[in-house]
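My entries follow in the order I made them.

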Amino acid sequence: MRLSRYFMPILKENPKEAEIVSHRLMLRAGMIRQQSQGIYSWLPLGKRVLDKVNAIIRDEQNRAGAIELSMPTLQSAELWQESGRYDAYGKEMLRIKDRQDRPMLYGPTNEEMVTDIFRSSVKSYKDLPLNLYHIQLKFRDEIRPRFGTMRSREFMMKDAYSFDLTREGAEHSYNKMFAAYLRTFDRLGLRAIPMRADTGPIGGNLSHEFIILADTGESEVFCHKDFVGFDIPDDRTDFDSIEGLKSIFDKWTSLYAATSEMHDEAAFNAVPEGDRLSARGIEVGHIFYFGTKYSEAMGAKVQGPDGKEHFVHMGSYGIGPTRLVPAIIEASHDDNGIIWPASVAPFDIVVINMKAGDQACDDTCELIYAALTKAGKDVLYDDTDDRAGTKFATADLIGVPVQIIAGPRAVANGEVEVKDRKTGARETMTIEAAINRFVA
Ligand code: 5CA
């Protein structure tokens, strides 16, 4: 992508409305724009990151056996009247009437709709287990939307819903998502700790929130510090192994970890003092097992091996991609801007032409840009005629992991500079060596 033809509206000044660093940096880097309170557009740079986050989420959901579909944002009130949540949900639900005056709503979550899909076509235990997910916009009329897309009114959610014949089956489905979440957050460059959590309007009594420790987090959390160093299930993890997944779950729940709603002071005080971590955190995922709450209310039954009808056991599993993007920034930035983990960086490499219009600089940059693009890299080429200082500041701000800098003096020697955004280390090398480093 040539920057001269891209749309990346960088802000020079610090936006006054931004209270936390991720919100400030997302606005300054031109990733998002607020359209009305708690409702955001994702501008091209932000959209690239969001897409990469979603690709990793999708990959791990698929690995764990979940199946992707797509459900609408607008839902009919009828389904919610069946479950009893139409009245229970309160003012957070955005209620709308269509032209026939029929009550509709902008979905805050999808338990009812997916249960309706399930009951319309699944009749036998032989079709179980089943886990259906989508990555879709939600709306919750939050009383205090704040911190940009961290807590917005319209936001994206990956929501998965599992169906099993028995409680034991449902626990295995829960453990699959539990392990998938550990892997997902790790691939996003984050350390997320599962913590016992309150179930709120979703219901049920088994639930974990996945929390990233950050000073700007909205939740107060308490856990054993060893979680910070626990191993993540690797890519040979067998998601069909009931025992294998149970042991991952048992290990990751063996030590104290709870959000403030579930906090048990006495249990926490039993942790040796030096091992106690009391901190703030960002909830990036939340998983629930709620048994037959929705299947009984909505008549979702299957025939069991005993020939009888059974209400299915269900769970739901949410991740917030539009919250994850700022959470990643909270965890990875410095005074100059964002430092993206390679897995979600909007571009892999930025090529900086320090003197656009200079034939040797232009030729060198074009050569590098073409070679790296051909090799499948996402390359941003800063071919604008801005001052070199502005270009460096922009490159640091947008956090692309590698900068290849072509200035007249180096280029005259057939060389460029390669800078690592994270460490700030710079190396001078031949043009060929710079290309080969990233092509190999
Ligand atoms: N149906 C269940 C799980 S599928 C559910 O709705 N769970 S939730 O309410 O905990 O939301 C799931 C995830 O969505 C949260 O962990 C969080 O990452 C994200 N999320 C929730 N509310 C917001 C919000 N207002 N802004 C941004 N992300 C949000």
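**Entry 1: helix 2 and helix 10.** I began with helix 2 (residues 44–63), which packs against helix 10 at an angle of about 110°, the axes being 10 Å apart. That angle makes helix 2 roughly perpendicular to helix 10. Axes are lines fitted to C-alpha atoms, for helices over the stretch in contact, and angles run from 0 to 180 degrees between N-to-C directions. Helices (H or I, at least four residues) and strands (E, at least two) are DSSP runs, numbered from the N terminus.

I checked the handedness next: helix 2 and helix 10 cross in a right-handed way. A crossing is right-handed if the near helix is turned clockwise from the far one by less than a right angle, and left-handed if anticlockwise. From helix 2, the contact (heavy atoms within 4.5 Å) takes Val49, Leu50, Val53, Asn54 and Ile57, and from helix 10 it takes Pro321, Thr322, Leu324, Val325 and Ile328. I sorted these residues into 8 nonpolar, 2 polar and no charged. Ala, Val, Leu, Ile, Met, Phe, Trp, Tyr, Cys and Pro count as nonpolar, Asp, Glu, Lys and Arg as charged, and the others, Gly among them, as polar.

**Entry 2: ground rules.** I noted that the model is predicted, so local features need pLDDT of at least 70 and side-chain atom pairs pLDDT 80 or more, while totals for chains, interfaces and linings use all residues. Residues are numbered from 1 along each chain as its sequence is written, and side-chain values use heavy atoms, with hydrogens and water left out.

**Entry 3: helix 1 and helix 10.** Helix 1 (residues 21–28) packs on helix 10 (residues 321–331) at about 110°, with axes 8 Å apart. This pair is therefore roughly perpendicular too. I listed Val21, Ser22, Leu25 and Met26 on helix 1, facing Val325, Pro326, Ile329 and Glu330 on helix 10.

**Entry 4: helix 6 and helix 7.** Helix 6 (residues 167–187) meets helix 7 (residues 242–252) at about 60°, axes 9 Å apart. That makes helix 6 oblique to helix 7. Their crossing is left-handed. Helix 6 brings His172, Tyr174, Asn175, Lys176, Phe178, Ala179 and Leu182, and helix 7 brings Ile242, Leu245, Lys246, Ile248, Phe249 and Trp252. I find 9 nonpolar, 2 polar and 2 charged residues in this contact.

**Entry 5: the ligand.** A polar side-chain atom of Glu283 sits 2.5 Å from a ligand oxygen. For Arg140, a polar side-chain atom is 2.7 Å from a ligand oxygen. Val284 uses a backbone N or O atom, 3.2 Å from a ligand oxygen.

Entry 6: Leu128 and Pro129 are joined by a cis peptide bond, with omega about 0°. Pro129 lies in the loop between helix 5 (111–121) and strand 7 (130–139). Asp101 is not a glycine, yet its phi is positive, about 70°. I placed Asp101 in the loop between strand 5 (94–97) and strand 6 (103–106).

Last, I found Glu309 in strand 15 (residues 309–311). Leaving aside neighbours within four places in sequence, Glu309 contacts Lys301, Val302 and Gln303. Glu309 and Gly337 are 28 residues apart in sequence and 58 Å apart in space, C-alpha to C-alpha.

Methods. Angles under 35 degrees count as roughly parallel, over 145 as roughly antiparallel, 65 to 115 as roughly perpendicular and the rest as oblique. A polar contact is a pair of N or O atoms within 3.5 Å; within protein, one must be able to donate a hydrogen and the other to accept it, and residues adjacent in sequence count only if both atoms are side-chain atoms.
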